[in-house]
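This report walks through one protein chain, from the overall fold to single residues. Have the sequence and the coordinates open as you read.

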Amino acid sequence: MFDWKQRFQPLLTDLETNHQGDWARVISDQLHRRFELRPHGDMKRWSEALSRLPVLHEVQADLNADAITLRSAADLSAPQHDSLEAGLRGLMPWRKGPFDFFGTYIDTEWRSDWKWQRIAPYLSDLTGRRVLDIGCGSGYHCWRMRGAGAAQVIGVDPGLLFLMQFFSVRDYVRDEAVNLLPLKLEDLPPGLQYFDTTFSLGVLYHRRSPLDHLLELKDTLRDGGELVLETLVVDGPEGYSLMPEDRYGRMRNVWFLPSCDTLLRWLDRTGFRDARVVDVTPTTTEEQRPTDWMQFQSLPDFLDPDDSSKTIEGYPGPVRATVIATK
């Protein structure tokens, strides 16, 4: 079974060492409730899939390649390869990536490497920084942040399948500086002010109160820290935002899609400074699509079949803007 105490103890110890003992105790209590008091019904199946991954030694990891790449000193035997494939497929669907496990390439639903390529040139140097990644999914971008030199990366995402996918990588990389907490942003203590850089990629439009989300993100940062925010946007003047009547791209939980100027105003009103839009890119069916590793509906099913510039509901198709701001 999944030994959460053993897996999270290094992080809790590190937080204690860095004068974050109160937060460490809060995390421990939250994890106890998550795994002991309210266990997910699929945890046994996911744990068994994770345990099928072969134990390998002398693993090398490339965290700067488009696909997070793992290689071993010796080629996998046929039984090891079969066990690897079975274990990884037991953790489907894979949404954010890609990953390359010893020659087994996981073509994820999202080409998350494209997003990283768009935003990486505009980031402050991550070398030696403490980094928080909100809504991190399986942790793909966490590994890219570590590859860029971050001293500590903590991803936060409540999805337990994402957590198991994360550990499928970390059990080989063996890097305790990268962690994923199966929690929500609001589970973090208020006034944390611990991180040098906080990422929120593809989260803001899921929040009923976008301003509260921005204030929560600000709370995670030290003074002078950097926010990297990516969200869906629409064309329009300052003050304009789209609130879908019901669904947007078949998603129920989409609340506000601001114009870029409105987004900048939100950041200004919540106390950020030097906010700037560094990228605006339409999301295409080359970047988000079903694959052999994610066989459910995806962006091609969410767009108007007669006009791909619109969602199936008739709203403007998905365009994502990245904004960088300073606390």
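Helices here are DSSP runs of H or I with at least four residues, strands are runs of E with at least two, and both are numbered from the N terminus. The model is predicted. On that basis the protein chain has 10 helices and 17 strands. Its radius of gyration is 20 Å, close to the 20 Å that the globule rule gives for 327 residues, so the chain is as compact as a globular protein of that length.

**Overall picture**

The C-alpha trace spans about 60 × 50 × 40 Å along its principal axes. Of the 327 residues, 54% are buried. The protein chain exposes about 14,500 Å². Carbon and sulfur atoms supply 47% of that area.

Helix H5 covers residues 112–119 and is mostly covered, with six of its eight residues buried. The buried residues are Ser112, Asp113, Lys115, Trp116, Arg118 and Ile119.

Helix H9 runs over residues 260–269. Buried in H9 are Cys260, Thr262, Leu263, Trp266 and Leu267. Seen down the axis of H9, these buried residues fall within an arc of 160°, so they line one face of the helix. What covers them includes helix H8 (210–220) and strands S11 (221–233), S12 (241–242), S13 (257–258), S14 (273–282) and S17 (319–326). Gly271 follows H9 and has a positive phi, near 95°.

**The loop between S12 and S13**

Phe256 lies in the loop between S12 and S13. Its relative accessible area is 23%, which makes Phe256 partly exposed. Leaving out residues up to four places away in sequence, Phe256 touches Tyr205, Arg207, Arg208, Pro210, Ser241, Leu242, Met243 and Trp266. Trp266 is one of the buried residues of H9. Phe256 and Val233 are 23 residues apart in sequence, and their C-alpha atoms are 8.6 Å apart.

Arg250 also sits in the loop between S12 and S13. Arg250 counts as partly exposed, at 35% relative accessibility.

Most residues other than glycine have a negative phi, and most peptide bonds are trans. Where does this model depart from that pattern?

| Site | Feature | Value |
|---|---|---|
| His19 | positive phi, not a glycine | about 60° |
| Arg250 | positive phi, residue other than glycine | near 70° |
| Met92 to Pro93 | cis peptide bond, omega | near 5° |
| Gly97 and Pro98 | cis peptide bond, omega | about 15° |

His19 is found in the loop between helix H1 (4–17) and H2. With a relative accessible area of 74%, His19 is exposed. Pro93 is placed in the loop between helix H4 (78–89) and strand S3 (96–97). Pro98 is in the loop between S3 and strand S4 (99–101).

Pro98 returns as a partner of Tyr105. Neighbours within four places in sequence aside, Tyr105 is in contact with Ala67, Pro98, Phe99, Asp100 and Trp293. Tyr105 belongs to strand S5 (residues 104–106). Is Tyr105 buried, partly exposed or exposed? At a relative accessible area of 38%, Tyr105 is partly exposed. Tyr105 and Ala321 are 216 residues apart in sequence and 29 Å apart in space, C-alpha to C-alpha.

His40 lies in the loop between helix H2 (21–37) and helix H3 (43–51). His40 counts as partly exposed, at 34% relative accessibility. Which residues does His40 contact, leaving aside its neighbours within four places in sequence? They are Trp46 and Leu160. His40 and Leu185 are 145 residues apart in sequence, with a C-alpha to C-alpha distance of 20 Å.

How values were computed:
Residues are numbered from 1 along each chain as its sequence is written. This is a predicted model: local features need pLDDT of at least 70, side-chain atom pairs count only at pLDDT 80 or more; totals for chains, interfaces and linings use all residues. Side-chain values use heavy atoms; hydrogens and water are left out. The radius of gyration is taken over C-alpha atoms; the globule rule is 2.2 Å times the number of residues to the power 0.38. Buried means under 20% relative accessible area, exposed over 50%, partly exposed in between (1.4 Å probe, protein chains only). Accessible areas come from the Shrake-Rupley method with a 1.4 Å probe; for residues, only the protein chains shown count as cover. The arc is that of the directions from the helix axis to the C-beta atoms. Contact means heavy atoms within 4.5 Å.
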